Amino acid sequence: MKLFKRIAIAFLALFVLALLGAYYKLRTSGQPQIDGSMQLPGLTAPVTVTRDDLGIPYIFAANTPDLIRAQGFVTAQNRLLQMELFRATWRGELAQTFGPDALPSDIRMRVLGIRRNGEAHAARLDAESRALLQYYVDGMNAYVGAHASDHPIEFALAGLAPRAWAVADLVALVHFVHYTHATNFKAEVIAQELIDKLGLERAREIFPLTLNPDWKTPPAASAASLSEPAQVAQLNLRWRELSIAPETLNHQGLGSNNWAVGPSRTASGKAMVSNDPHLDSRILPGTWHPVGLFTPDIQAVGAALPGMPGILVGRTKHVAFGVTNAYGDVQDLYVETLDPTDPGRYMEGGKGVPFRVVTEIIRVKDKAAPGGVREHALKIRFTKHGPIISDHAGLGPKGDKLLALRSTDAEVLAPRLGIEGLLGAPDAAAFDREVQKIDLMLFNFVFADDQGNIAHRASGAVPIRAGADGGFPRLPAKDGSDDWIGFIPKDRMPGMLNPPRAWVGTANNDTRGDAYPWYYTNYVSPDYRYRRIAQVLGQAQKMSVEDDWTLMQDSRNLQSEVLRPLIVAALKTVAEQRDLADMLEKWNGVDDAKSPAPLIYQALYREIARGTFADKLGEEVANDMLSTWYFWQQRFDQLLANPDSAWFDDVRTPDRKETLADVIRSAAPRARAQVEALQGKDPGQWKWGKAHTLRFVSPLRRSGAGQELLGGFTVQRSGSGETLQRGVYDFQKPYDALYTQSMQMVADLADPDKIEAILAGGVNERHFQPHQNDQAKLWAAGERRAWWFNPAQARAHARSTQLLSPR
């Protein structure tokens with residue numbers, strides 16, 4: 001027995017040694033070189049790259065071309081696999097590596113034409129814009145082509161191989177960002193589903209409601225929008241049957257907060273800018289790549305999108321800035337009619353016109369196919385408005401209707417992207433002029449300069465429409481004319497400069513000013529977060545960086561102030577639910593992870609909304625609408641003001657008229673049962689954070705056992721979709737946080753040394769090294785760190801120094 005025991009111990013020791021050896025190989029192999037010299041062809045002079053204790057690279061170059069080449073090189077060192085996955089996504093090439101499960105995504109991207117539009121746009125760039133992108137591409141390609149031994153070993157594990165990049169790839173990234181910003185067509189689909197179910201007039205009662213608390217004179221709806229039938233009455237449309245589906249309607253919580261405070265309201269006497277973009281950053285190392293950029297003319301630090309030169313959030317020599325999604329409406333769905341005499345044509349101006357047809361071949365990984373890959377042919381038909389996204393049995397009572405998607409990213413192909421001048425703007429006015437050059441990314445820029453000016457400006461080319469607005473699918477003009485008759489002047493896009501209140505801010509809300517003369521969008525965030533910003537900044541004096549950071553962590557839920565008293569009143573008289581009413585009555589309205597009340601409230605909120613709409617819309621349409629949070633939340637608040645509204649009457653009980661109180665009492669048992677299934681029967685033991693968790697994962701292991709070994713971890717989160725500390729969950733699959741603060745930044749222009757920031761992730765995508773998730777852990781703890789703005793401080797805090805040299 002002793003012999004067998006010794007043999008077992010010996011084998012165990014060998015096994016442990018083998019595991020340690022494998023871990024050491026993974027830990028030490030495929031890590032980027034961050035010390036010593038590396039060659040970067042094309043440089044005109046050597047470039048120095050230092051990295052601090054977070055691994056953030058600070059690039060010191062003699063001129064802008066060398067700076068951008070080095071940025072491309074260093075970004076590829078840290079994020080090459082991530083960029084290749086992004087590129088495969090927007091090119092519709094995921095299925096070649098990941099198999100049939102990725103085919104729907106590829107079909108969607110091919111129909112939308114992100115790659116085609118990017119290539120067409122790249123061909124139209126002027127020399128200056130093309131040169132800037134080429135510098136970045138040259139840096140990336142130098143790393144891809146000449147430093148294979150430095151590439152991540154994760155490529156082999158993912159079954160990918162890096163390829164050379166082109167300017168068109170970077171332009172396509174801008175188009176992809178534009179697509180993620182421009183979600184109005186999804187709201188149009190839901191609006192049409194409501195029209196199909198209820199008829200136009202009844203459907204209008206629950207169409208999106210957009211509010212700006214700053215309005216004294218709200219913009220008027222166009223007469224055409226209220227009177228002209230711009231669409232057919234019935235399409236029998238279903239989201240799941242569109243060729244851009246099955247992309248889900250769920251999770252639409254893409255958003256952010258940003259604000260700037262003028263010198264009269266700050267402790268430092270200089271302006272301050274704060275920003276926390278809300279994205280899905282669960283896949284490590286997160287969305288943003290932090291970087292410092294230094295030349296004799298440029299001094300900047302902040303966060304960049306991998307694949308885009310410069311920074312989108314941060315501080316330059318004279319200006320600090322941050323972004324949120326503006327949700328300008330740059331998409332329309334057109335109801336096209338097939339030519340009754342020829343299915344290869346559609347009707348345009350009273351005559352049949354042939355479809356333009358593009359055939360795309362998608363390669364799909366398939367072990368059963370010869371060579372392990374099969375080809376999927378995709379035929380895409382186009383009208384003059386754009387691709388047909390309902391390419392199946394026709395819509396409408398006669399089956400002769402099709403939906404075409406029109407979007408500015410296929411039409412507005414300007415010679416400049418608009419990002420070229422952001423790093424060099426000498427003041428807020430100049431920065432505003434640069435923002436106005438951006439056509440294809442729909443940001444709310446909030447910015448401030450070192451002279452104390454503060455401002456907001458929405459970017460993007462937003463069409464001016466003849467006839468109805470863009471709230472639901474439209475019929476083409478009968479005479480074949482174009483109903484996009486121009487674009488909102490860039491200097492009239494929503495914005496403000498140095499308002500008397502000494503602060504500006506946005507939270508994906510309606511930012512149009514008083515009596516705004518154009519339709520801008522009908523799909524924005526409810527005003528809860530913006531009102532909370534206004535509550536705090538409107539009273540603030542002597543704001544500090546700590547104050548701004550605290551405001552970003554604020555979890556007060558203003559939406560609950562509308563519904564919570566109604567819930568308490570309705571449930572106080574129900575013995576079985578009185579305990580829930582008592583807990584909500586004592587709740588302070590803060591979505592604290594340690595409290596049971598936010599969980600009770602969110603469960604009831606969902607079930608009350610479902611109980612209001614499901615009987616009238618049916619489960620499928622109700623789920624589509626409720627999954628799209630921004631579509632219904634503000635309107636629902638308005639309905640709550642009339643508890644006897646017909647919307648609360650259950651159409652399945654014609655002999656009885658229900659009120660809001662009845663809906664609440666009916667929802668309570670369902671909500672309780674759901675929470676009990678998650679956390680047991682004792683409400684005193686319930687905790688919001690136990691349900692509202694955020695799970696960071698590796699791109700190589702997104703589910704199942706072993707995620708922690710690859711850097712993944714789970715945190716309990718305060719906040720919700722309605723709070724500044726954001727945590728949007730899927731309405732159909734509550735309550736995991738999906739969209740959260742992807743990074744946080746405060747820039748005090750009085751501080752000569754740094755901005756204070758943190759990422760929900762890390763700098764480097766490579767596994768088994770600390771900078772994959774180190775900032776995510778600090779972020780989860782509510783901490784922040786210095787990102788160095790002063791080049792002397794960046795050098796002083798260097799943990800490594802790399803020299804990039806020309807050949």
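Visitor: What is the relative accessible area of Pro-100?

Guide: First, this is a predicted model: local features need pLDDT of at least 70, side-chain atom pairs count only at pLDDT 80 or more, and totals for chains, interfaces and linings use all residues. Residues are numbered from 1 along each chain as its sequence is written, and side-chain values use heavy atoms, without hydrogens or water. Buried means under 20% relative accessible area, exposed over 50%, and partly exposed in between (1.4 Å probe, protein chains only). Pro-100 counts as partly exposed because its value is 44%.

Visitor: Which residues is Pro-100 in contact with, leaving aside its neighbours within four places in sequence?

Guide: Helices (H or I, at least four residues) and strands (E, at least two) are DSSP runs, numbered from the N terminus. Pro-100 sits in the loop between helix H3 (95-98) and helix H4 (103-112). Contact means heavy atoms within 4.5 Å. With those neighbours set aside, the contacts of Pro-100 are Val-364, Lys-365 and Arg-374.

Visitor: Which residue in E11 is the bridge partner of Leu-338?

Guide: Two strands pair if DSSP finds at least two bridges between them. Strand E10 (residues 331-339) and strand E11 (residues 342-348) pair in the antiparallel sense, over two bridges. A hairpin of two residues joins E10 to E11. The partner of Leu-338 is Tyr-346.

Visitor: Which residue takes a positive phi in the hairpin of E11 and E12?

Guide: E11 and strand E12 (residues 351-354) run antiparallel, joined by four bridges. Glu-348 stands opposite Lys-351 in E12. Two residues lie between the strands, and the positive phi, near 60°, belongs to Gly-349.

Visitor: How far apart are the end C-alpha atoms of helix H19?

Guide: Helix H19 (residues 629-640) has twelve residues. The expected span is 1.5 Å times one less than the number of residues. For H19 that gives 16 Å, which agrees with the distance between its end C-alpha atoms, 16 Å.

Visitor: How many residues of H19 are buried?

Guide: The buried residues of H19 include Trp-629, Phe-631, Trp-632 and Leu-640. Trp-632 counts as buried because its relative accessible area is 1%. H19 is mostly covered: of its twelve residues, the buried ones number eleven.

Visitor: What kind of aromatic pair do Trp-632 and Phe-731 form?

Guide: Rings of Phe, Tyr and Trp (its six-membered ring) pair if their centres lie within 6.5 Å; planes under 30 degrees apart count as stacked, over 60 as edge-to-face and the rest as tilted. By this rule there are 30 aromatic pairs. The centres of Trp-632 and Phe-731 are 6.1 Å apart and the planes meet at 85°, so the pair is edge-to-face.

Visitor: How many residues apart are Trp-632 and Phe-731?

Guide: Trp-632 is in helix H19. Phe-731 is in the loop between strand E23 (713-716) and strand E24 (740-741). The pair links distant parts of the chain, and the separation in residues is 99.

Visitor: What is the angle between the ring planes of Phe-696 and Phe-713?

Guide: Phe-696 lies in strand E22 (residues 693-696) and Phe-713 in strand E23, so the pair ties together parts 17 residues apart in sequence. The ring centres are 4.9 Å apart. This pair is tilted, with its planes at 35°.

Visitor: Which ring does the charged end of Arg-202 sit over?

Guide: A charge sits over a ring if NZ of Lys or CZ of Arg is within 6 Å of the ring centre and within 35 degrees of the ring normal. Arg-717 lies over the face of Trp-779, at 4.1 Å from the ring centre. The charged end of Arg-202 is 3.9 Å from the centre of its ring, that of Trp-647.
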